[in-house]
Amino acid sequence: MKKFLALLMAVVLIIGLVAACTATPDTPGAGPGVDTPAPAPEPPPEGEEPATITYMFWGDEAEVENVTNLINEFNALHPHIIVEPWPVDRAEIAAVLTTLAAAGELPDTGFMTEPLTIPWAQAGFIEAPTFAGETPRDVISFQWEGEAVAYSSCTVQLTMFYDLDRFDDAGVARPPKTTADAWSWDEFVDVAKSLTFDTAGRNAHDPAFDRNNVEMYGFYLEPAVWQLELWALSNGGGFFNPNDWSDVIINSPESAEAIQRIADLYLEHGVMPRYGTWPADGIDTWFLEENVAMAVNGSWSIGVWMSPARDDHGLNYSVSVLPNMGRNVTLATAGLVVQYAGSAHPEAAAEWLAWFVEQSGFLIEIGIWMPRYQSMFTDEALMGWAQTPAFPPFEDFRTAVIDVSANYAVSAAWHWVPNMEPFLEELSSILAPVWSGEQTAQEALDAGRPALSAIIGG
């Protein structure tokens, strides 16, 4: 716990996965742990006052202190610019920005959550990004009307984690590391049953298995409703028509079947706790306290939870490819920092954000983020970022995560669909009776689609 708290204090922008990742691969300092000389302070032009700009962000007390310290460092190195910190409450960010936009008083720069990005770009409140070097990956771009209006500050994606000791103790072959060998859904369920045990030591294949007294579950996944899009896509469906974002297809037979399969892991097979009943704030607790053999969560879990659990508690874990329902796929995303339109000092705002982005390469080194450039997923000479002690064995990570990211990652829907925040809130309510077994996914989604369509088209 001490190590975890220290890590949180060191991570400047952990909440919302917002911040920056690394320098471009063809610039100095591209690799983790490579130091570059600090530039000499540049004074403002003679007779001119420093350009004063604001940076809006959220976080707890420790995070506010860390961001402020980073801003102070920038100000010391760039006396021609003064960045003023502007902390706000994360839960109030949309309301705060809306009020400021109406008054023409937006900050110069700041955090932006994924669901807010497209609506704010639609409204013309975000400056389009420009890049001197390599442009970030298409899969982490926010697209509107055929144009990239913003980019995530790094890459994160959904990943399968597993406890090697659980597999070995049960005499079950370890999960596949390549998409060519990926489990079908039925194969995955079969393995999950072999790894789910009641208090009498019977696994879920045993007719006498007591699902009301489970000692260890085979599987769990983070109860974040946006992640269900992964399974819908894998089964040949999705949340939205890829050619028309306003066409909600979440109630298609393929999408409904995928979500029903997730519910049935609890309702029918007994290999997973009921969706949403375990804590969403730490995958390490699932492995160390709740007893699970496999789990799907974001790749950020490596640095935030899994590496500390391995180092401090001996968790013997690795990563594998995701099971699929017909299609190999993972969701890629991450939050971002943006330059708001209307700044009195746009050049200074851009300079501050460019510097800010370059400072967070250490977050890749400790396993929380992955790079934002495609070359670092395809050129083995640039993959040193994944070979630090924080990461799982490279031979596993290379094929199960890097190659999957390069070849099978797709953008989460909020990268190209507006109004996703209220959409996901409504979807969570619609699916509640599915998790309890009161309705099938098809019934709930058919009934809920009109409300979801109204939200997206609003």
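Start with F377. Setting aside neighbours within four places in sequence, F377 is in contact with R137, T155, M370, P371, M383, W385, I402, S405 and A406, where contact means heavy atoms within 4.5 Å. Before going further, the ground rules: this is a predicted model, in which local features need pLDDT of at least 70 and side-chain atom pairs count only at pLDDT 80 or more, while totals for chains, interfaces and linings use all residues. Residues are numbered from 1 along each chain as its sequence is written, and side-chain values use heavy atoms, with hydrogens and water left out.

F377 lies in helix α13, residues 375–378. Helices (H or I, at least four residues) and strands (E, at least two) are DSSP runs numbered from the N terminus. Is F377 buried or exposed? F377 counts as buried because its relative accessibility is 1%; buried means under 20% relative accessible area, exposed over 50% and partly exposed in between, with a 1.4 Å probe and protein chains only. One of its contacts, I402, is 25 residues away in sequence, and the two C-alpha atoms are 5.7 Å apart. Another contact, R137, has its charged end over the F377 ring, 4.1 Å from the centre. That label requires NZ of Lys or CZ of Arg within 6 Å of the ring centre and within 35 degrees of the ring normal.

The charged end of R90 sits over the ring of W58, 5.1 Å from its centre. That takes us to the aromatic pairs.

How many aromatic pairs does the structure hold? There are 32. Rings of Phe, Tyr and Trp (the six-membered ring for Trp) pair if their centres lie within 6.5 Å; planes under 30 degrees apart count as stacked, over 60 as edge-to-face and the rest as tilted. W58 and F111 make an edge-to-face pair, at 4.7 Å centre to centre and 90° between the planes. W58 is in the loop between β1 (51–57) and α2 (61–77), and F111 is in strand β3 (residues 109–112), so this pair ties together parts 53 residues apart in sequence. W58 is buried, at a relative accessible area of 2%, and F111 is buried at 1%.

The pair Y275 and W435 is tilted, with 4.3 Å between centres and 35° between planes. Y275 is in the loop between α8 (253–267) and α9, whereas W435 is in helix α15 (residues 420–436), so here the parts tied together are 160 residues apart in sequence. Both Y275 and W435 are buried. Going back to W58, ring pairs link Y55, F57, W58, F74, F111, W352, W355 and F356 into a cluster.

Now the helices. In α8, the buried residues are S255, A256, A258, I259, Q260, I262, A263, D264 and L265. Those buried residues pack against α6, β8 (214–221), α7 (228–234), α15 and α16 (441–457).

How do α9 and α10 meet? The axes of α9 (residues 283–290) and α10 (residues 301–313) come within 8 Å and cross at roughly 30°. Axes are lines fitted to C-alpha atoms, for helices over the stretch in contact, and angles run from 0 to 180 degrees between N-to-C directions. The two helices are therefore roughly parallel to each other; that means under 35 degrees, with over 145 roughly antiparallel, 65 to 115 roughly perpendicular and the rest oblique. On the α9 side the contact is made by I283, D284, F287 and L288, and on the α10 side by S301, W305, M306, A309 and H313.

Next, two backbone entries. N291, in the loop between α9 and β11 (292–298), has a positive phi of about 70° although it is not a glycine. N291 counts as buried, at 18% relative accessibility. E145 is also not a glycine and has a positive phi of about 50°. E145 is in the loop between β4 (141–144) and β5 (147–151) and is exposed, with a relative accessible area of 70%.

Last, the totals. The protein chain has 16 helices and 15 strands. Of its 458 residues, 55% are buried. Among contacts with a separation of 6 or more, residues 24 or more positions apart account for 73%.
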